[in-house]
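Subject: A structure for you to explore

Hello,

Here is the structure I promised to pass on. Please open it beside this email, and then follow along below as I go through what turned up.

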Amino acid sequence: MAGIHIAEVSKVYAGGVKAVNSVSIDITDGEFIVLVGPSGCGKSTLLRMVAGLETISGGQVKIADRVVNNVEPADRDIAMVFQNYALYPHMTVYNNLAYGLKNRGTSKAEIDARVTEAARMLEITQYLDRKPRALSGGQRQRVAMGRAIVRKPAAFLFDEPLSNLDAKLRVSMRGEIKRLQRRLGTTSIYVTHDQLEAMTLADRLVVLNGGRIEQIGRPLEVYHAPASTFVASFIGSPAMNLVKGELHGDKLAIGPAMVVLNGFAPTSGTVTVGVRAEDIRIARADEEALPFRLEYAEELGAQRLIHGTVGDQQITAAVSPEIELAPEMQIAFDASRLHFFSVDTGKRLPGNLPAEAKLAPIEPVV
Amino acid sequence: MVENRPFLTFLTHAFLILGFLVVALPVYVAITASTHDISTLMSGPVPLLPGSHFIENYSTILTSASAAHGLPNYSHMALNSLVMALVITAGKIAISILSAFAIVYFRFPFRQVAFWIIFVTLMLPVEVRIMPTYKIVADLGMLNSWAGLTVPLIASATATFLFRQFFMTVPDELLEAARVDGAGPLKFFRDILLPLSRTNIGALCVILFIYGWVQYLWPLLVTTDPGYYTLMMGMKRMVTVQDGVIEWHLVMAGSVLAMLPPILVVVFMQRLFIRGLTETEK
């Protein structure tokens with residue numbers, strides 16, 4: 001059990017490409033951190049630097065208050081779960097689990113006890129004599145996790161462990177990973193490009209883009225108060241609507257329409273306005289509304305996503321499936337639900353944190 | 001391809017049988033010739049039906065025939081051939097799997113150059129480099145020795161290349177998982193790479209054993225001491241008699257016997273051999 005401290009870590013590849021650019025994250029003992037971002041954002045590189053599979057170009061990685069920059073992966077007291085499981089194909093499940101312990105000179109009895117326990121926990125006891133080839137994807141994934149568990153490491157590192165599974169299995173394995181991590185209380189870093197996985201698993205998420213941290217925060221914080229247009233568009237599905245708006249005093253102009261902000265305007269001039277699809281509703285007859293030209297609708301069952309334009313800007317709204325569709329519709333939203341971002345930097349403009357009030361601290365359910 | 005055309009089936013089988021006959025006929029003739037006595041063979045073309053001197057010819061070649069040509073015992077030459085083939089096989093596999101391991105998994109200066117130098121030697125068979133090799137072996141005083149017979153044939157670009165190709169298909173994550181599991185380079189090699197290469201090693205064993213077994217030119221050059229004669233050389237020497245008749249019946253019996261070990265190796269290692277060439281265990 002240990003915290004992990006990542007201080008201004010950078011990775012520069014030969015040829016000067018900066019994959020990770022001065023990233024700092026403080027991870028407390030037992031925390032589940034998810035690194036999320038599009039492909040090429042440096043999340044895997046960062047994880048591999050913590051694991052010791054990639055050299056660190058700059059900065060410092062500390063595991064349990066020990067600087068591990070030049071420590072071999074095996075001596076860092078970490079265990080890693082790989083995307084393609086990386087099970088040893090010629091060894092039985094039992095030997096796959098036991099290999100790391102054998103290399104550490106653990107006694108036979110101890111190995112046996114730990115493997116049995118891990119197998120029981122992951123419900124793979126009846127497969128211990130099989131080769132990985134004879135297992136299904138989900139079972140292989142469990143074995144890969146078992147290999148990490150038996151070591152009782154200070155930290156688990158997950159490198160997109162679920163992306164090779166089918167959608168249904170992914171959801172159930174996701175739950176299992178979360179439960180297991182809670183039960184073992186082991187500090188974990190989890191890399192994924194799937195924002196849903198990130199939201200559901202994380203104690204805190206770290207959104208990365210272009211080798212830099214865009215935002216660190218609890219999932220709902222990040223969802224309700226994205227720090228930049230990048231985070232706003234990356235976290236949440238469908239992505240947050242981002243449109244160009246003009247602030248005139250207390251009024252916001254989006255294309256031809258005007259919205260009164262009731263004191264929520266953070267600044268004046270041109271801004272990027274963000275609004276979540278579910279915060280848009282069909283306007284009542286007596287309120288100020290934006291004219292919405294419907295292009296197409298997607299049925300999700302519980303919701304219906306309507307895609308269209310306001311002026312010349314794309315808007316997606318999530319509405320109840322009962323609402324009747326028409327080529328021309330009127331939509332509205334509460335001014336308190338708007339997010340404002342700088343047009344130049346994409347950063348969130350202060351003074352308007354609509355959802356902050358709703359954020360009760362979530363206690364981990366043990 | 002699942003096709004049901006009787007004519008095509010007939011045609012393919014006809015070709016197959018024809019090809020088989022072309023390959024098998026000389027072997028068959030050799031076997032028949034080894035069962036006749038010398039006078040039958042000298043009096044005209046080789047009869048196509050087996051004769052009655054099978055036991056006589058084979059016991060002669062196994063016991064006494066070679067002595068008449070100043071050669072060691074047949075069994076002695078067979079043993080020489082076997083030792084030479086086995087040493088070459090083992091040596092080639094050991095050297096090439098290690099050099100492939102170095103080339104694929106280690107970063108060192110001129111790594112690519114090293115690989116290309118090995119690769120280029122693929123284009124130079126033993127016969128091409130035989131003079132310089134002979135000179136080196138002679139200067140090192142390795143003529144008429146086991147080392148002289150085997151060492152120059154051990155360096156193998158083909159096997160190195162095959163192992164390199166195989167190692168490159170082994171996923172990197174396996175190496176990384178092993179590193180996290182605390183396995184150093186040699187442990188990784190022994191515990192993971194070697195077991196994974198099992199079928200490849202098996203297939204190479206078959207090929208290399210036969211390669212070593214049929215070596216003729218090199219042993220002929222480096223050994224003058226009859227104690228080191230191999231079967232291939234012995235057979236050749238029995239054909240080149242100064243005067244008198246060539247004892248074809250004995251030569252044929254000897255040749256048929258010399259064919260047996262490679263055939264046995266192929267038959268018994270066939271399963272491994274085919275798997276090694278076609279299947280990649282991942």
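This is a predicted model: local features need pLDDT of at least 70, side-chain atom pairs count only at pLDDT 80 or more; totals for chains, interfaces and linings use all residues.

Let's begin in chain A, where strand S1 (residues 4-12) and strand S4 (residues 58-63) run antiparallel and are joined by 5 bridges.

What do S4(A) and S5(A) form together? They make a hairpin, with 2 residues between the strands. In that turn, Ala64(A) has a positive phi of about 55°.

Further along chain A there is an open sheet of 5 strands, in the order S15-S19-S16-S17-S18, with antiparallel pairing. Which strands are at its edges? They are strand S15 (281-282) and strand S18 (313-319) of chain A, each of which pairs on one side only. Inside that order, strand S16 (residues 290-299) and strand S17 (residues 304-310) of chain A are antiparallel partners over 6 bridges. One pair to pick out is Glu299(A) with its bridge partner in S17(A), Arg304(A).

Now for the helices. Two packed helices are described by the angle between their axes and the distance between the axes. In chain A, the axes of helix H2 (residues 93-103) and helix H4 (residues 137-149) come within 8 Å and cross at roughly 30°. Angles under 35 degrees count as roughly parallel, and H2(A) and H4(A) are therefore roughly parallel to each other. H2(A) passes H4(A) in a right-handed crossing. From H2(A), Val93(A), Asn96(A), Leu97(A) and Gly100(A) meet Val143(A), Gly146(A) and Arg147(A) of H4(A). Sorted by class, the residues in this contact are 3 nonpolar, 3 polar and 1 charged.

The axes of helix H8 (residues 157-169) and helix H11 (residues 198-213) of chain B come within 11 Å and cross at roughly 165°. That makes H8(B) roughly antiparallel to H11(B). The crossing of H8(B) and H11(B) is right-handed. H8(B) brings Ala159(B), Leu162(B), Phe163(B) and Phe166(B) to the contact, and H11(B) brings Asn200(B), Leu204(B) and Leu208(B). This contact has 6 nonpolar residues, 1 polar residue and no charged ones.

How do the two chains meet? How many residues of chain A are in contact with chain B? There are 16, and they touch 16 residues of chain B. On the chain A side, the elements giving two or more residues are strand S6 (78-81) and H2. H2(A) supplies the largest share of that side, 3 residues. By class, the chain A side divides into 11 nonpolar, 4 polar and 1 charged.

Finally, a word on confidence. The mean pLDDT of chain A is 88, and 95% of its residues reach 70 or more. Over residues 354-366 of chain A, however, pLDDT stays under 50. For this stretch the model has 12 contacts beyond four places in sequence.

Happy exploring!

Terms used: Residues are numbered from 1 along each chain as its sequence is written. Chains are lettered from A and ligands numbered from 1 in the order in which they are written. Axes are lines fitted to C-alpha atoms, for helices over the stretch in contact, and angles run from 0 to 180 degrees between N-to-C directions. Helices (H or I, at least four residues) and strands (E, at least two) are DSSP runs, numbered from the N terminus. Angles under 35 degrees count as roughly parallel, over 145 as roughly antiparallel, 65 to 115 as roughly perpendicular and the rest as oblique. A crossing is left-handed if the near helix is turned anticlockwise from the far one by less than a right angle, and right-handed if clockwise. Two residues are in contact if their C-beta atoms, placed from the backbone, lie within 7 Å. Ala, Val, Leu, Ile, Met, Phe, Trp, Tyr, Cys and Pro count as nonpolar, Asp, Glu, Lys and Arg as charged, and the others, Gly among them, as polar. Two strands pair if DSSP finds at least two bridges between them. pLDDT is the predictor's confidence in each residue, from 0 to 100.
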